[in-house]
Amino acid sequence: MEGVGKLSSMTTGTLELVIISLGLAIGISAYLVLELPRLRQQWRLWSHRSKLPPGPKTVKTGIRKPWLWFRELNEQYGDVVYLQMGPTPTIILGSAQAAWDLLEKRGAIYSSRPRFIMGGELLSGGMRGLMAPYSPFWRRWRKLLHSGFMQRQSDTYRPIQSLESKVLMHDLLKSPKDFRTHLERYAASVIVTVTYGRRVEDVRTDAVVQMNAEAMGRLTSVNIPGKYAVERYPALKYIPSIFAPWKAEVLEQRKKDIRMYTELMDDVKRRMAAGKLPDCFAKHLLEEQPKLGMTDLEVAYTAGTPFGAGVETSAGSLASFILACVKFGDRFIPKAQAELDRVVGSNRLPTFDDLPELEYIRAVVAETLRWRPVAVLGGTPHATTADDTYRGMFIPKGSTVIASLWSIHLNENDFPEPHEFRPERFLKPREYPGNLGHSAFGWGRRICPGMHLGTNSVAINIARILWGFNIQPALDEKGKKIDVDIFAFSDGFNSSPLPFECSITPRSERHAHVIEREFHEVQDELLRYKGAKLR
Ligand code: HEM
């Protein structure tokens with residue numbers, strides 16, 4: 001019996017040992033799976049440490065406006081700065097030339113995206129091209145956006161932009177204090193009409209706007225650097241949801257996105273079948289779908305792209321223009337209005353056909369896009385797909401590359417006294433890479449596909465607003481001018497002016513009358529784009 005007892009206690013001891021060893025082995029393997037890629041990357045960086053671009057030893061985290069810090073870094077270390085952001089090598093570009101040399105000229109290896117595991121992979125199932133790495137999926141998505149928004153195609157959207165701009169002018173005439181809401185309605189309505197063939201009458205209650213805003217909210221709530229460990233340890237992505245509440249939650253959110261995008265496309269298909277769908281991007285996608293072999297879901301997500309990328313950017317640029325008018329209007333509005341009076345006169349609103357004659361207005365448009373770039377960090381960061389050397393500096397494969405427009409557009413070498421709003425900068429020939437004279441739409445293979453539509457929106461409204469209105473500081477109760485803060489801008493991926501007051505008044509009775517008349521003339525046309533209730 002004693003022998004049996006000894007044997008059984010030995011067996012239990014051996015079993016314990018086996019379990020502990022197994023546990024250790026699993027622990028070590030899990031650690032290696034999680035850490036190996038990072039350790040390998042660390043080794044590569046360490047072995048090239050003397051050739052990395054210059055940069056600070058410590059990294060600031062949790063800052064609300066990283067572009068302000070990036071500009072300080074660019075001023076201190078130069079236009080190519082190295083930061084070690086967690087495990088990821090990060091390059092901050094601070095001059096137009098460096099951004100052009102790398103993102104444009106070496107676009108073949110600078111056009112991917114960093115991984116967005118929560119936002120791009122888990123929440124969006126890899127369906128959002130804007131966050132997709134350089135891949136066959138991205139190329140197909142990009143081709144569709146190109147065909148939907150290239151210059152020639154964008155010019156066919158001008159009538160919609162003109163209609164909506166007449167509504168905007170009328171709104172500004174009737175309730176100038178709500179100018180911000182009017183700009184947002186304009187931008188949303190152009191994008192929703194161009195995409196889904198239905199306009200937005202009230203931006204606060206419109207169902208398509210609300211649905212998209214909810215989806216954007218879900219995306220921004222997970223796209224927060226440092227919030228989720230899975231971004232640092234990608235292998236965690238494969239843990240079953242049952243053991244990972246954060247994953248279960250994001251997959252639940254994905255279901256809501258899918259329901260929403262599908263609902264919007266179902267509405268498009270219904271109207272298409274009834275012969276009531278005007279030409280629009282969603283229609284174009286449905287026509288291309290069989291040729292490209294895309295799934296319904298891919299089509300539905302692609303149709304959602306312009307809303308996410310084109311509304312805030314267009315409305316924010318116009319809000320910055322109004323801010324510039326309040327602060328610097330004395331210097332440039334009289335010149336702009338003299339040009340408009342000469343070319344357009346006072347009997348009609350300016351049109352797209354006038355723009356080639358309106359050289360000063362075009363300079364105001366360019367200066368607006370330069371002075372306060374909405375995509376303040378240069379849009380979504382790029383990522384490199386191969387090691388590279390630039391001016392003797394080593395840029396590792398897998399680097400995140402941020403071409404911060406706040407540094408690039410406020411670079412004193414290219415734009416002396418950069419916080420001054422001076423359209424004249426764009427009137428004389430000047431050394432600057434590319435043919436726009438600014439970099440507001442990004443670079444290379446990732447350049448903004450909506451740049452023509454976006455520029456047309458900004459240009460037609462700047463021309464018409466300056467034609468019809470005087471924009472000045474608001475007055476306080478004592479009749480004193482209220483100053484505006486040209487640095488009070490929102491945090492976040494896109495940055496636009498925080499609410500401010502101003503006075504917007506018609507230039508004359510005659511101008512007010514023309515605005516009224518042209519608004520009333522387009523009422524029937526506007527009805528073409530009226531959508532049935534969705535929710
Ligand atoms: C004034 C308005 C706009 C500005 C200032 C702007 C600016 C930008 C910038 C800076 C980028 C990043 C480019 C890069 O990564 O190098 C970008 C990308 C993008 N923009 Fe725009 N944009 C505007 C309007 C629009 C509109 C109207 C659309 C609608 C079609 C749009 C769609 C996109 C898309 C889809 C991307 C991502 C492209 C990709 O990842 O390949 N944008 N935009």
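Predicted model: local features only at pLDDT ≥ 70, side-chain atom pairs only at ≥ 80, totals over all residues.
Local features were required to have pLDDT of at least 70 and side-chain atom pairs pLDDT 80 or more, whereas totals for chains, interfaces and linings use all residues. Residues are numbered from 1 along each chain as its sequence is written.

The ligand is surrounded by 28 residues, of which Gly310, Gly379, Gly442, Gly450 and Gly454 are the closest; a residue is near a molecule if its C-beta atom, placed from the backbone, lies within 6 Å of it. Two or more residues of this shell come from each of helix 6 (136-149), helix 14 (296-343) and helix 17 (451-468), helices being DSSP runs (H or I, at least four residues) numbered from the N terminus. Helix 14 supplies the largest share, seven residues.

Helix 12 (residues 245-273) packs against helix 13 (residues 281-292) at an angle of about 85°, with the axes 10 Å apart, where axes are lines fitted to C-alpha atoms over the stretch in contact and angles run from 0 to 180 degrees between N-to-C directions. The two helices are therefore roughly perpendicular to each other, a term that covers 65 to 115 degrees. In this pair, Met265, Val268 and Met272 of helix 12 meet Ala282, Lys283 and Leu286 of helix 13 (contact: C-beta atoms, placed from the backbone, within 7 Å).

Definitions and conventions
Parallel < 35°, antiparallel > 145°, perpendicular 65-115°, else oblique. Contact = placed C-beta atoms within 7 Å.
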